[in-house]
Amino acid sequence: MDVSPGNTAGSAYAAPVARLFELGMIPVEDRREWRDYVGDFGLGSDHVADLIRVARDESLDEAEDDKLLWAPVHAWRAIGQLGAKEAVAPLLDHLRSPAAYDDMVSEDFPTVFGMIGPEAIAALDAFFVEDDVEEIALTMLTSAYVEIGKRHPESRAACVDALQRFLARDDDVNPQVNGFLVSALLDLDAREALDAMRAAFERDVVDHTIAGDMEDVEIAFGLRETRSKPRRKNSILERLARLSDRAGIGRDSAFATPRSTESRDSGPLKRVKIGRNERCPCGSGKKYKKCCMA
């Protein structure tokens, strides 16, 4: 086994999967550039089952060894590079647990599904309309459709169609989710979805703080040059800004993720994301996962 004497978690796996337990933290500046897990470690389709086990092992989140905390991240990145369609259902099942969410899950899972490609769409469609799915999962998976549509242009139409259908739902979908659906359609330059977006805004079921309002959509698509009326006050953004200041989280920190759209009043909108192992912004001094996240 290619693991250190003090690292026993990896001993349950044969090399090369065991080597993932020794890689440790991915520096912030390197997180957008994924290493070649398949080439560097000789991973293949026969390792997918073990990679799924590592990716879904929530016990690693409680490990004192920082290297173990990062083993699932390396595992699901390898799954994406392998294009392992058999991992779609287990990874979606992982998202059914509120304990599954942290900043790396939110950042990476859309890319993983994008790498897997069109084979993931049907499962994503079914998951999105399930009852009692965490809203954080729905907002994150809107980006998965964007990743699939951009990486696999032949699947773009299917992704746009799914996003439109979700936006047209008249049940109790959170307006924030609809805001991210609009953002995803903008990312895909889905002009064919204009009517669906306009209808959602007219029903007043879209959070304007995510991607703006319908006038912002029309400006993004070049259908108008300027606004005809002022925007609503972005009270949610102001509240998040106060939380960021209280926690010492800057707009350019590792925990602020830029959205694809821009506020013409104050520059790019930023969505504050706090890692589950970071200090809670409420000021308690506890880890986020042990405080407000719980």
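A crossing of two helices is right-handed if the near helix is turned clockwise from the far one by less than a right angle, and left-handed if anticlockwise. Keep that in mind for the first stop; the model on screen is predicted.

**Stop 1: H5 and H7**

Select residues 103-116, helix H5, and residues 135-151, helix H7. Their axes come within 7 Å and cross at roughly 35°. This crossing of H5 and H7 is right-handed.

Now show the side chains. On H5, the contact is made by Val105, Ser106, Phe109, Pro110, Thr111, Phe113, Gly114 and Met115. H7 contributes Ile136, Met140, Leu141, Ser143, Ala144, Glu147, Ile148 and Arg151. Colour the contact of H5 with H7 by class: ten residues are nonpolar, four polar and two charged.

**Stop 2**

Select Glu134. Glu134 sits in the loop between helix H6 (121-128) and H7. Its relative accessibility is 31%, so Glu134 counts as partly exposed. Which residues does Glu134 contact, leaving aside neighbours within four places in sequence? Display Leu95, Pro98 and Tyr101 to see them. Then take the distance from Glu134 to Tyr101: their C-alpha atoms are 9.9 Å apart, with the two residues 33 apart along the chain.

**Stop 3: H2**

Move to helix H2, residues 48-55. Val48, Leu51, Ile52, Val54 and Ala55 are buried here. Look down the axis of H2: the buried residues fall within an arc of 160°, so they line one face of the helix. In an α-helix there are 3.6 residues a turn, so residues three or four places apart point the same way.

Conventions: Residues numbered from 1 in each chain as written. Predicted model: local features only at pLDDT ≥ 70, side-chain atom pairs only at ≥ 80, totals over all residues. Heavy atoms only, no water. Axes fitted to C-alpha atoms, helices over the stretch in contact; angles between N-to-C directions. Helix = DSSP H or I, 4+ residues; strand = E, 2+ residues; numbered from the N terminus. Contact = heavy atoms within 4.5 Å. Nonpolar A, V, L, I, M, F, W, Y, C, P; charged D, E, K, R; others polar. Buried < 20%, exposed > 50% of the residue type's maximum accessible area, 1.4 Å probe, protein only. Arc of directions from axis to C-beta.
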